[in-house]
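Subject: Structure handover

Hello,

Here is the structure I promised to pass on. Please open it and keep it beside you while you read.

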Amino acid sequence: MSRILVTDLDGTLLGGTGDDRRRLRDALVRHPEVTTVFATGRSPASVREVLRDPLVPRPRWIIADVGATVVDGTDFTPVGPVQDHLRAGWPGPERVRAALRGFPGLTYQRGVVQNGRCSYHLDPDLLTDGLTAAVEALGCAWVYSADCYFDVLPPGASKGNALRALAGRLGWRPEGILVAGDSLNDLSLFRFGAHAVVVAGAEPALLTALAEDSRVHRPDRAGAAGIHTALLDLGWISPEPDSGCSVSARSASVRSDSGGPDPTDSPAPAHRHSLVVAYHRPPLHWDGGSWQPPASPNGILPTLTSAFADGLPGVWVTALTGRDRTAALPPPTSLPLSPVPLDTATWRGYFHGACKETLWPVLMSEPGRSTFDERAWADYRTVNARFARHIAAQAAPGATVWLHDYNLWLVPGLLRRLRPDVRTGIFHHTPFPALDVFAALPVAAELRRSLARLDWAGFHTEEFAGHFRRALAGLPDPPRTGVHPLGIDRSAVERLTRLRAPHRTPAAGPVVLSVERLDYAKAPVQKVEAVDLLLSRRPGLRGRFLLRLVCAPPEPGITAYDATRRHLERRVAEVNSHWKQGTWQPVDYRPHSLSATGVVDAYLAADVLWVTSLQDGMNLTAKEYVAARAALLPGDAVPGALVLSRRAGAAAELGEAALLTDPHSPEDLAAVLARALDLSPAERRARLERLSELLGRERPADWAVRIVHAIRGCSTSVAPPAVRRITGHPSPVPTRRP
């Protein structure tokens, strides 16, 4: 059953001491199954200002303007059907103000933003039958509160009616709702039939109106403390945890692989979390003076960073390696990180060896590149065991654990033994290989046993989900699967595009862009070979055509990537030397990462984005390019074109409007690129408009909410509660690099 807290702001949620508000906020963070709804007389613009206070919990929905406005708390967009219903019959502010202009003592609140209502100051002695009759003659409703505020509303508008409409739309039941208030303009909430709390210090008239209502909690605590007390009384939240809790003690007693206590394990936390997110790579590193994001993060890091910045509750478990794990450094305050310290040698065996030399080639359907080393696999087991113990210590009873990618494939099996009460899901940002490729791994049986202990597994495409199901076929009680393709923060890309578009300089000839990290799976060498073939067949492009090949460097020390870099550099030099003409050469090779501004500038300068992945979970670069170029329509003279590998996950969404190519065929790579260069402006525009439609506008933060919902929806010994949705402060411009 859903659990919904619907609370007034001034005098209620915002009331009490700073410690009271912090305690309530922390309780709601620990219990994201409690969805928060604001019901306030403030306007949405005023609520935005309130949300600047870090002690204010983030709302999923906002009932504003005393019930005349209902907006989505994630992005402040109106909930159209609900709001239209509530405002039906509203004559407009001009008619209301004209009709009431002659009443003495009625002072319009000019400094208050008002939508669908008119709000006045009024002395209680001047609240006359004549005034209320004039309001009713307009076909409007009114509410008077705090012996001061007189609000004229549409006939069907009130906080209670707004809650009733929202609950009906979302399927909430009264027994799963707690309303909280302190003044008469909250009275309609209390008439809804839900659990209720009147905080201490409430308006006497409200207390009088509710004197006979046995469902109403009347704690002797004001503001946030009163809400906290009611939530405890209902059993919707647990008391504040302490470091002596049983799970923490249990985690502290877990032994390492060698049989003794693991000195690298972090101490048991004082607070445990109802949501634990785990990804092996840290989103920040210490540069000697401050915490900084990595120069070339993959798509997962900005996605999780954005989700936590938007209010995703819980903790992010990640590795801390090298100097960062031992130095006396100030903790990063921008993200709720909980580090697993790893020594450099263990990290190298785990990441450079097992992840990148054994598993990565298999995921990319290149099993011939896979090598297996027992020592590296022992490090992989060690790191997964440390993550499992750390997660077990961080997770509250019945918590949700959200793992990311193949790097933590052994955690589900370990965690099921340590914490059978938690629900564990994993999202694969990478492809999942076909059964015959996966089965060729020497450790396939070990991985299958662990993955079978998942409750849920998510993928970008149905093809990858099908591969996973076939890999686990025959095992008892396999995990549920879901297909949830990840999007981008389109609004952020569009904002930056509008800033950078005036600085765009037209090129002398067609520019083809590839902007990805250096990885053989991205087929950079194949691109250069295809350019060589294209120029041999289209001599008219000589001196004009340009491939801008941006290859952000990977982490040093990965043998396969070092070999790819050497091969790429050799072929770039050979092709440029062969086709060079004066100062022109066809391949502009840039072996470094770009800033967010630099990436958008590259998108705006490129006639074609060329994605040739041999295998790819999604490819967010393609989506960013579509967002940036579509933001220039309809005035762009030469709209951008997308050439997309058939083996990229993005092809499942964008394939009908992109030009699809086979990365394993030099002939096809060259032919499809030539076709992209030959597209007329009209066909480019039509394709880009369709790509823009297919892209949609779902933010990564909303995607994260859907994943948490999916994991929590899996049945376990603990009944799955509903998830509290993320709030919608604007996300930063994406900092993902290829």
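Below is what was found in it, topic by topic.

This is a predicted model, so local features need pLDDT of at least 70 and side-chain atom pairs count only at pLDDT 80 or more, while totals for chains, interfaces and linings use all residues. Residues are numbered from 1 along each chain as its sequence is written, and side-chain values use heavy atoms, with hydrogens and water left out.

Helices (H or I, at least four residues) and strands (E, at least two) are DSSP runs, numbered from the N terminus. Two strands pair if DSSP finds at least two bridges between them. Look at strand 1 (residues 3–7) and strand 9 (residues 177–181): they pair in the parallel sense over four bridges. L5 has L178 as its bridge partner in strand 9.

Contact means heavy atoms within 4.5 Å.

**The cores**

Buried means under 20% relative accessible area, exposed over 50%, partly exposed in between (1.4 Å probe, protein chains only). A nonpolar core is a set of buried Ala, Val, Leu, Ile, Met, Phe, Trp, Tyr and Cys residues joined through side-chain atoms within 4.5 Å. The largest one has 61 residues. W402, L513, L609, L642, L644 and L691 touch the most other members. Helix 23 gives the most to this core, with seven residues. A second, separate core has 59 residues, including L415, V443, L451 and Y520.

Which residues does L609 contact, leaving aside its neighbours within four places in sequence? They are L513, V515, T621, A622, Y625, A641, L642 and V643.

**Helix 12**

Helix 12 (residues 300–309) is mostly covered, with eight of its ten residues buried. Among them are I300, L304 and F308. The buried residues pack against strand 12 (273–278), strand 15 (315–321), strand 17 and helix 27 (700–712). G311 follows helix 12 and has a positive phi, near 110°.

Most residues other than glycine have a negative phi, and most peptide bonds are trans. Now see V66, in the loop between strand 3 (61–64) and strand 4 (69–72). Its phi is positive, near 55°. V66 is buried, at 3% relative accessibility. D405 lies in the loop between strand 17 (395–404) and helix 15 (411–418). D405 also has a positive phi, near 75°. Its relative accessible area is 4%, so D405 counts as buried. A cis peptide bond joins L633 and P634, with omega about 5°. P634 sits in the loop between helix 23 (620–630) and strand 25 (641–645).

Best wishes
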